[in-house]
Amino acid sequence: MTAEHVRLDEARTHKVPWKKWGPYLSERQWGTVREDYSESGDAWNYFTHDQARSRAYRWGEDGLAGISDERQRLCFALTLWNGKDPILKERLFGLTNSEGNHGEDVKEYYFYLDSTPTHSYMKYLYKYPQSPYPYADLVETNKRRGRHELEYELLDTGVFDGDRYFDVFVEYAKASPDDILIQITVENRGPDPATLHLLPTLWFRNTWSWGGDAPRPALRQAAGGLIAASHPDLGERFLACDGACALLFTENETNTERLFGKPNRTPYVKDGIDNCIVHGRSNVVNPERVGTKAAAHYVLTVEARNSQTVRLRLHDAPAATLFGSGFDSVMQARRDEADEFYATVIPRSLSADAANVMRQALAGMLWSKQFYYYDVDRWLEEHGADPFKRDRRPAPRNEHWHHLYNADVLSMPDKWEYPWYAAWDLAFHVLALTLVDEDFGKQQLDLMLRSPYLHPSGQLPAYEWNFGDVNPPVHAWATIFTYNLDKLRRGEGDIDWLEREFHKLTLNFTWWVNRKDRAGNNAFEGGFLGLDNIGVFDRSAPLPTGGYLEQADGTAWMALFCQNMEEIAAELTAYKPAYADMALKFVEHFLWIATGLIHAGGDTGMWDEQDGFFYDVLRLPDGHAERLKVRSMVGLLPLCAVTSFSGKTLERFPELVHRFHRFLAARPELTAFIHDPTKLGYAGRRLAAVLDETKLRRVLAIMLDEKEFLSSYGIRALSRYHAEHPYVFRVGDQEYRVSYLPAESDTGMFGGNSNWRGPIWMPVNVLIIRALMQYYVYYGDDFTVECPTGSGRRMTLYAVAEEISRRLSSIFLPDKEGRRPVFGGTRKFQEDPHWRDYVLFYEYFHGDNGAGLGASHQTGWTGVVARGMHLFATTTAEQALELGKSAAIVEVEPATPARPPARRVAAPAADEAQAEAAAEVEDG
């Protein structure tokens, strides 16, 4: 058991609060819905980056390479100044949605280099130019560019020319849960000496300015040059600063004079330290050295291509010796322990470069935690839109979600571009997070189903811009995946947790059935369903034709939802037979939905027999129906509605077997067009699938065609066929066109900052890999297909899954010329030794060359590449088939120390039905 495993165990059993402090600061609080109190709901322009240095936040804090306690009461982060910028660098800068030619975009270079799951060790890198940061140039140039042009990036401005910049490395190491060592190393990469003002900053989140009687915490200078922090809940903390520095104090209060032309209620305001350092004003920091925001001011002159180091320590009790050899020993010990921990996670068979990619992916997942605070009822009341008052004003958004109260550490998609949770993103985050911290993964799934999140109707919250938007129902899949992984690693499962999740997931399933099956024919809608601009129309808006869409993806998601719920119910049945009836209910419901995918609505179903593909169906008010023949991920998702079973659960309940066969006999049409669930496959396994073997081969032939979906870097979201054959739909004089766009979007649909019309998206590729593994353990080695289509090279479905995973991983790995596709044509990243090994995990990737696009730090779901790398490095095809005879397909995990069960029920070793219920194929 490594030291980090011990800490995880102590945190899980609440013996030692190792996770109390972590990277829980946002990287952008400005421009969020929470901070928006405008009447128009224009969050980006109500609270801007320019205001952020002067204006107190209401609902959270942001910072550079920052940490906080788990309630974000006390915060610590970097502040930098190169002596030339017009403002201190306290937070990351980026363009708003309207400023960027492809939507909002951070314009900084920063990297999450390492983190253990308890954050006992963390490392971060920020690249800071020595020349003035080109704020105006970035805004003005990007505004002039159109949607068909590339974004204007920080490297394009020339500010890094001649290597005149600082690499600022930040390391955190915990000597104990409340004793955090901080080491900041400043590397001057340039040819000349350069001066950097380094201001490590400590401050309290403003909880006292919004009414009520919230007590005001305080910072003060204490004996020995310490900054003492007193908080009614946290108690007293101390920040010790090694070396010569000046301590500056102000208040985390809005500078109303600067922003609104109104007198300040205190002479010391949020931007006081900025005004002191940048503008040389001495009367803007408190001479009494007290406040709620403080910084230690170091002035470092760093020689050319040399470095200087600053040490600090945030701790809960003064100590005689804070720095020196003891400090260095703890820092090195935590580095070594991080290496030891990841040696148990990262397969030894991976190359050094692949191991580096996997570790940085997981580090990004762990750095992307954030304390997310949002009391919607209070927020609506502060808008004058209290839903229970007659004279209320119209709410800008989320008026039906007044029950929602969130105050938790959550996994964010991207702490700058998307500093708010998204329900379906979170499910994919868990796939990667469970490689290093199963408890945190389970907690994240559990939070979304608790009453402060889940709507009373059963709907899961989507994201703060509109909690009522509909995301794909992947929560059940992530739940059974997490449970199975835990059980198969340890021989026991947390059955209480699974049962609790099942009850709430049943509410969500019922919401879908009651709200999104308009005609009652098991053909579902759902709107954009996370695929933004993939459709001919905005699928979340009223259609220009009238009528409605029956969505192939929405219906496929529901088919998979049924399978996941059946798996959970079957596992619960092994302990509580009363759940057997629910297991059968979900089997039957799956058959209804799967059949609806093929021929709902009569002759014009979603399956096109001539094309061998699925499409959305437009149903018009006059009764006419038409398939919208866009070859996209929408039509591939029915392939993913598949789960392999051993069939043992039904055998344990003869009455259920009788009822199931009676159900099938009475409704032969249910299995006439889909895979026959009674047909036995390899090792007597059964398969719940929409596609029978004939349809499966037809869909795979299209998906694996390099002229269609198969790219050198994974599966595209839209077929390349549409590059020369755009799909055109006309409504009167209006033309709607879908063309293959392998890079950025050319429309403003859904903000214009994402594109599903050609690029490669990691989460849906993961679903395809999962599906192929499920088919493989059913069909075995005898089922082969051409891959790529037309190549003459035949592969098993395991080999196809492995090949897709290899192509996805190759996005981040050096090719034969030593270039990483993710960096595209950016020479600095491709060639410079101080850049080329720092990997960025973008939101999506160019469909032809693999270059990273969209949000640059969406390690969230792109981090699942680590799961795929792990799977195929630890599980052979033979092992997959052997495990598939009686249990789930999982990686052959490195030995993990046993730990005491927490509310777990051990699985009876002799009962194969228990293992069958865990028959989810490896989901990463």
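Two strands count as paired if DSSP finds at least two bridges between them. Keep that rule in mind for this predicted model. Strands β32 and β33 meet it: 5 bridges join β32 (residues 727-731) to β33 (residues 734-738). The two strands run antiparallel. Together β32 and β33 make a hairpin, with 2 residues between them. Gly-732 sits in the turn and has a positive phi of about 60°.

Now move to a wider arrangement. Strands of a sheet pair through backbone hydrogen bonds, either parallel or antiparallel. Here, an open sheet of 9 strands shows antiparallel pairing. Read across, its order is β7-β8-β9-β10-β19-β15-β14-β13-β17. The edges belong to β7 (110-115) and β17 (290-291), each of which pairs on one side only. A helix packs on this sheet: α8 (residues 352-367) touches β7, β8 (121-129) and β9 (165-176). The direction of α8 makes about 95° with that of β7. Look next at the other edge. There β17 pairs with β13 (residues 218-222) in the antiparallel sense, over 2 bridges. Leu-219 stands opposite Gly-291 of β17.

Another sheet is built from 3 strands. It is open, with the order β23-β26-β27 and antiparallel pairing. Strands β23 and β27 (625-628) stand at its edges and have a single partner strand each, so one side of each is left without a neighbour in the sheet. On average, neighbouring strands of this sheet are turned by 30° against each other, direction ignored. Strand β26 (residues 616-619) pairs with β27 over 4 bridges, in the antiparallel sense. Across that pair, Arg-619 stands opposite Ala-625 in β27.

Turn to the helices. Two packed helices are described by the angle between their axes and the distance between the axes. Take α10 (residues 423-433) and α11 (residues 438-448). They pack at an angle of about 165°, with axes 8 Å apart. Angles over 145 degrees count as roughly antiparallel, so α10 is roughly antiparallel to α11. Their crossing is left-handed. From α10, the contact uses Leu-426, Val-430 and Leu-433. They meet Glu-438, Phe-440, Gly-441, Gln-444, Leu-445 and Met-448 of α11. By class, the contact has 6 nonpolar, 2 polar and 1 charged residues.

Helices α16 (residues 633-640) and α21 (residues 762-779) pack at about 35°, with their axes 9 Å apart. This crossing is left-handed. On the α16 side are Met-633, Leu-636, Leu-637, Leu-639 and Cys-640. Facing them in α21 are Val-764, Leu-767, Ile-768, Arg-770, Ala-771 and Tyr-775. The contact divides into 10 nonpolar residues, no polar ones and 1 charged.

Finish in a loop. Asp-517 lies between α13 (495-516) and β23 (548-550). Is Asp-517 buried or exposed? Buried means under 20% relative accessible area. Asp-517 has 12%, so it is buried. Leaving out residues up to four places away in sequence, Asp-517 touches Trp-512, Asn-522, Ala-523 and Phe-524. One of these, Asn-522, has its place in the loop between α13 and β23. Asn-522 is buried too, because its relative accessible area is 13%. Beyond its neighbours within four places in sequence, Asn-522 is in contact with Asp-517, Thr-555, His-589, Trp-592, Ile-593 and Gly-596.

The C-alpha atoms of Asp-517 and Tyr-727 are separated by 27 Å. Asn-522 and Val-168 are 56 Å apart in space, C-alpha to C-alpha.

Methods. Residues are numbered from 1 along each chain as its sequence is written. This is a predicted model: local features need pLDDT of at least 70, side-chain atom pairs count only at pLDDT 80 or more; totals for chains, interfaces and linings use all residues. Side-chain values use heavy atoms; hydrogens and water are left out. Contact means heavy atoms within 4.5 Å. Axes are lines fitted to C-alpha atoms, for helices over the stretch in contact, and angles run from 0 to 180 degrees between N-to-C directions. Angles under 35 degrees count as roughly parallel, over 145 as roughly antiparallel, 65 to 115 as roughly perpendicular and the rest as oblique. A crossing is left-handed if the near helix is turned anticlockwise from the far one by less than a right angle, and right-handed if clockwise. Ala, Val, Leu, Ile, Met, Phe, Trp, Tyr, Cys and Pro count as nonpolar, Asp, Glu, Lys and Arg as charged, and the others, Gly among them, as polar. Buried means under 20% relative accessible area, exposed over 50%, partly exposed in between (1.4 Å probe, protein chains only).
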